[in-house]
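Here are my notes on the model, as numbered points. Please read them with the structure open.

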Amino acid sequence: MTKRKILFLGESYRADAITWMNGLKEFGDFEICTWELQTPNNSKLNRFRRILEYLFSPISIRKTIRKEKPDMIIAERTTSYGFLAAISGMHPIAIAQQGRTDLWPEGSVLLPLKKIIQKHAFKKADLIHAWGPVMTISMKAIGVDMNKVLVIPKGIDLSLFSSSINNSNKIEAIVTRSLQPEYRHDSILKAFAILHQKGIDFSLTIVGDGTRLQFLKDLAQDLQIENKVIFTGRIPNTELPKLLQQSNLYISMPITEGVSASLFEAMACNCYPVVSDIPGNQSWIKHRKNGQLIAIDNIEMLAEELIWSFENTESRNNAIIKNRKFVEENANYDINMKIIADKYHELLDSRK
């Protein structure tokens, strides 16, 4: 029997996308082909070129469909690739909402257009992925048919992200989010500067790359904590579990969040989560129960809660055990990706 083939529309280099595609190959025995925009989104001129490319992309996608003859099409982001899947003329279609709403940035002049595009994508989709409960709020609000929505995270590989106990007598914190303004690494550094002024010892590992790398390195120097902050730069995903296992606190301060695989990875490796107090994190973290929720950009609160987390060892250790169990039960990649792959086969069988 020939393998069923899926056409994936989206940025195929993103860790999220790779997880999704690999899971479908492994647990659904699917063959995957991909299509994505070729113009990088890194300058004003390129942004204009990218919009032009987007306008002509339906022709290119149809050509790919004729050549590859996929059985179904899947796409990430309801307002971009999801819409392209919806107008491809192909079924079944599965689309994934990536953010809390995908209608971002909130003040954008394109917002009314994005709303129309998103509505069409939702209407045409045979299956809609919500990687967590926070994503269903905006879907219900605009009247999406919730029978089409599958609420389940892709999960993480628990054999890679395994638990380990860190008995260090100092704060060993880690940040694994991309170095972009919306992740507020500057607030994190300033909070650690407060700890430094109070004479509290720590090490802070900032993993990854992004537009703010040099800015953040300079800031660490200005705050006189550069010898306690390690910038790893981009690392292979295979090295991440080891860094998480060597840490005892995980910090993530985004201003908006869908469902964070990074948070699950940290919880799986027994890092205690200190995260921003926003809906995407409130789904999983209860303040001072299994982690800390910090008001956005509240540097003093972040510093205080870091100290609280570290000093309350018993509370932290209980949380770590609870969080690992939670991830095993709710975010196990092997279980969740099998459910998703089976759902795709079911969709294909029902169309025969």
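1. First, a term. Two strands pair if DSSP finds at least two bridges between them. Helices (H or I, at least four residues) and strands (E, at least two) are DSSP runs, numbered from the N terminus. Strand β10 (residues 249-252) and strand β11 (residues 272-276) pair in the parallel sense, over four bridges. L249 has Y272 in β11 as its bridge partner.

2. Some ground rules. This is a predicted model: local features need pLDDT of at least 70, side-chain atom pairs count only at pLDDT 80 or more, and totals for chains, interfaces and linings use all residues. Residues are numbered from 1 along each chain as its sequence is written, and side-chain values use heavy atoms, with hydrogens and water left out.

3. Now the sheet. It is open and has six strands, in the order β9-β8-β7-β10-β11-β12, with parallel pairing. β9 and β12 (292-294) are the edge strands, each pairing on one side only. Neighbouring strands are turned by 20° against each other on average, direction ignored. Helix α6 packs on this sheet and touches β7 (171-175), β8 (202-207), β9 and β10. The direction of α6 makes about 170° with that of β8. Contact means heavy atoms within 4.5 Å. Axes are lines fitted to C-alpha atoms, for helices over the stretch in contact, and angles run from 0 to 180 degrees between N-to-C directions.

4. Which residues of helix α7 (residues 213-222) are buried? They are L213, L216, L219 and A220. They cover an arc of only 125° around the axis, which puts them on the same side of α7. The arc is that of the directions from the helix axis to the C-beta atoms. Q214 and D222 are exposed on the other side. Buried means under 20% relative accessible area, exposed over 50%, partly exposed in between (1.4 Å probe, protein chains only). The cover over the buried residues includes α6 (185-197) and β9 (229-233).

5. Next, the cores. A nonpolar core is a set of buried Ala, Val, Leu, Ile, Met, Phe, Trp, Tyr and Cys residues joined through side-chain atoms within 4.5 Å. The largest has 76 residues; L9, W20, L24, I74, I95 and Y344 have the most contacts inside it. Helix α13 (residues 333-351) gives the most to this core, with seven residues. A second, separate core of 33 residues includes F192, L195, L213 and A220.

6. Finally, Y81, in helix α3 (residues 77-86). Y81 counts as buried, at 2% relative accessibility. Y81 and E36 are 45 residues apart in sequence and 8.3 Å apart in space, C-alpha to C-alpha.
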